[in-house]
Amino acid sequence: MATTKDYIGIQNYNELKGEKVTYLHTGINKFDDFFSFKGGIGWGTLNYITGSSGAGKTTVAAMLSSIIKDHKSAMYQRESLGIQVRDRNENLDFHKNCFIADSKTCPHLDNFMDEADEHGLKILIIDSLQVVALDYVEEAGSEKAAEKMVYMMLLKWVQRTGGIVLLIGHVNKDDGFKGDNGIMQMMDSHLEFIYDDKAGESFCRFGQKNRLGLKGNDNILFYNFKGNGNGVEFFTEQEWRVIFQRRDIFEYIAPRMQEYTDAFKDKEGYREFKSEIKAFQKPLLDDDSINKYQLLGMMLTKIGELVEEYEFIK
């Protein structure tokens with residue numbers, strides 16, 4: 001028996017209607033290309049951000065908020081005060097569409113979400129999931145259930161407004177996801193910020209999810225906090241290896257080469273010996289196809305040959 005439906009039902013693919021995903025372009029082309037196949041952050045997406053301590057998650061989030069001037073954005077900072085975030089990022093241009101709230105100005109996530117509607121915000125940055133979820137533990141019965149409540153609240157906001165959420169979260173002692181893995185799988189993307197203490201380098205990549213782009217080690221973007229006026233400078237992996245491995249040569253390898261060759265400075269022919277080393281080294285430093293390990297090996301081989309030729313060691 002036929003009944004009147006209050007829903008659309010199944011459709012042929014060709015009958016589907018609706019808006020295609022559009023993208024927010026930050027103006028930083030490398031970051032936009034990294035984030036999605038079509039460039040930029042997808043409107044109507046909920047993005048989860050994690051990272052090791054000191055990796056700069058909050059700094060990068062604040063930078064993004066400061067450079068997106070055509071849309072209203074706000075950071076809800078529950079792990080420090082708004083004025084502290086501003087002072088740590090005093091080089092950023094916090095324009096008229098850039099807002100922040102903290103535990104003093106919005107004690108509860110509900111307060112912040114009300115403010116988001118009142119101000120017509122399009123981009124929300126929330127730090128962090130685990131802390132704001134504590135607002136709902138009593139109601140939800142557990143931290144895990146409270147985190148799901150927060151997720152559903154933000155998802156409904158995204159679906160209603162078409163806005164963007166960047167939700168920062170904690171990691172465990174191994175820098176893995178701390179929390180319900182089911183929440184992770186429901187996100188549109190999971191962006192990891194990683195600081196490698198041994199290598200002295202910071203990079204970001206998409207971990208378990210990236211519905212609109214590449215994930216894993218096939219899509220890595222390096223960054224540092226010493227570059228342009230935006231406070232953060234991004235580099236492709238190829239740029240990073242060329243630029244900063246060159247820097248490593250001068251900072252680490254060159255002084256050790258100097259120490260080794262200085263051991264022969266009292267020998268006859270030392271000046272000519274040094275000139276030959278410099279002449280050999282110059283074209284190698286200009287050759288981007290040679291990495292620092294290859295250069296080190298070639299230089300040591302050449303120095304050994306010259307030491308033998310000049311008979312510094314008999």
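A pocket here is an open set of points on a 1 Å grid over the protein atoms alone, with protein on both sides within 12 Å along at least five of seven lines, and its lining residues have an atom within 4 Å of a point. By that rule, the largest pocket is lined by 19 residues, and Gly54, Lys57, Thr58, Glu79 and Asp127 lie nearest its centre. Please keep in mind that this is a predicted model, where local features need pLDDT of at least 70, side-chain atom pairs count only at pLDDT 80 or more, and totals for chains, interfaces and linings use all residues. Residues are numbered from 1 along each chain as its sequence is written, and side-chain values use heavy atoms, leaving out hydrogens and water.

**The largest pocket**
- Its volume is about 310 Å³, taken as the space filled by probe spheres set on grid points that are joined across faces, edges and corners.
- Sorted by class, the lining has three nonpolar, twelve polar and four charged residues; Ala, Val, Leu, Ile, Met, Phe, Trp, Tyr, Cys and Pro count as nonpolar, Asp, Glu, Lys and Arg as charged, and the others, Gly among them, as polar.
- Helix α2 (residues 57–67) gives the most to this lining, with three residues.

**Helix α2**
- Ten of the eleven residues of α2 are buried (under 20% relative accessible area, with a 1.4 Å probe and protein chains only), so α2 is largely enclosed by the rest of the structure.
- Among the buried residues of α2 are Lys57 and Thr58, which also lie nearest the centre of the largest pocket along with Gly54, Glu79 and Asp127.

**The whole chain**
- You will find eleven helices and eleven strands; these are DSSP runs (H or I of at least four residues for helices, E of at least two for strands), numbered from the N terminus.
- The chain is more spread out than a compact globule, because its radius of gyration is 27 Å, well over the 20 Å that the globule rule gives for 314 residues; the radius is taken over C-alpha atoms, and the rule is 2.2 Å times the number of residues to the power 0.38.
- Along its principal axes, the C-alpha trace spans about 100 × 50 × 35 Å.
- Buried residues make up 45% of the 314 residues.

**Residues to look up**
- Asp266 sits in the loop between α9 (237–262) and α10 (270–285), and Asp266 is exposed (over 50%), with a relative accessible area of 75%.
- The peptide bond from Asp127 to Ser128 is cis, with omega near 10 degrees, and Ser128 is in the loop between β6 (123–127) and α5 (129–132).

Key
1 Å grid on protein atoms, 1.4 Å probe; cavity = no way out; pocket = protein on both sides within 12 Å on 5 of 7 lines; lining within 4 Å.
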